[in-house]
Amino acid sequence: MNKRIDLAALLEGAGRTRPEQVALFALINLGIVESLSSGLISAAESLRIFFHAENCLFVRKKLRVKAADQIMSRGVQLPDLLDALQTDEAQREFNCELAKLRNLCLGLLEQKRSAA
């Protein structure tokens with residue numbers, strides 16, 4: 001994947017409601033997490049294509065959902081995690097962070113389902 005994902009264009013483009021935008025955000029993130037977990041993309045690539053500053057600002061200013069902001073914050077830190085720790089410990093922490101990201105996404109989807 002070479003192109004950056006623009007959350008503003010994806011989420012606001014089709015006139016979706018805010019709860020729909022949050023649910024779509026969670027689904028997109030689950031795909032990113034699965035791609036990271038399976039090695040299809042690296043942590044550095046995820047930062048470049050998805051967890052970049054424009055998307056972080058969009059989530060903070062437009063979605064205004066604490067869990068979504070946490071997802072973006074954790075995603076931004078993934079490459080640093082791998083650089084800062086020994087290989088074995090880094091892999092354990094990376095997997096732990098992916099699990100936390102997954103749980104935050106599932107929580108957002110559960111909230112949407114409960115509200116419906």
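**View 1. Helix 5 bends by about 40° at Leu78, with a proline, Pro79, following within four residues.** Here the bend at a residue is the angle between axes fitted to the seven residues ending there and the seven starting there. Helices (H or I, at least four residues) are DSSP runs, numbered from the N terminus. Helix 5 has 19 residues and spans 26 Å from its first C-alpha to its last, close to the 27 Å expected at 1.5 Å a residue; the expected span is 1.5 Å times one less than the number of residues. This is a predicted model, in which local features need pLDDT of at least 70 and side-chain atom pairs count only at pLDDT 80 or more, while totals for chains, interfaces and linings use all residues. Residues are numbered from 1 along each chain as its sequence is written, and side-chain values use heavy atoms, leaving out hydrogens and water.

**View 2. The buried residues of helix 5 pack against helix 2, helix 3, helix 4 (53-63) and helix 6.** Among these buried residues are Ile71, Met72, Leu78 and Pro79. Buried means under 20% relative accessible area, exposed over 50%, and partly exposed in between (1.4 Å probe, protein chains only).

**View 3. Leu82 has its place in helix 5.** What does Leu82 touch, leaving aside its neighbours within four places in sequence? Leu82 is in contact with Ala43, Ala90 and Phe94, where contact means heavy atoms within 4.5 Å. Leu82 and Phe94 are twelve residues apart in sequence, and their C-alpha atoms are 7.1 Å apart in space. Leu82 is partly exposed, at 32% relative accessible area.

**View 4. Helix 6 (residues 87-115) has 29 residues.** From first C-alpha to last, helix 6 reaches 42 Å, close to the 42 Å expected. Its buried residues include Ala90, Phe94, Leu101 and Cys105. Helix 2 (18-38), helix 3 (43-49) and helix 5 (66-84) are among what covers them.

**View 5. Phe50 and Phe51 form an edge-to-face pair, with ring centres 5.0 Å apart and planes at 85°.** The structure holds one aromatic pair. Rings of Phe, Tyr and Trp (its six-membered ring) pair if their centres lie within 6.5 Å; planes under 30 degrees apart count as stacked, over 60 as edge-to-face and the rest as tilted. Phe50 is buried at 0% relative accessible area, and Phe51 is buried at 1%.

**View 6. The structure holds zero disulfides.** A disulfide is a pair of cysteine sulfur atoms within 2.5 Å. The sulfur of Cys56 is 13 Å from the closest cysteine sulfur, in Cys105, so the two are too far apart for a bond.

Note on methods. Helix = DSSP H or I, 4+ residues; strand = E, 2+ residues; numbered from the N terminus.
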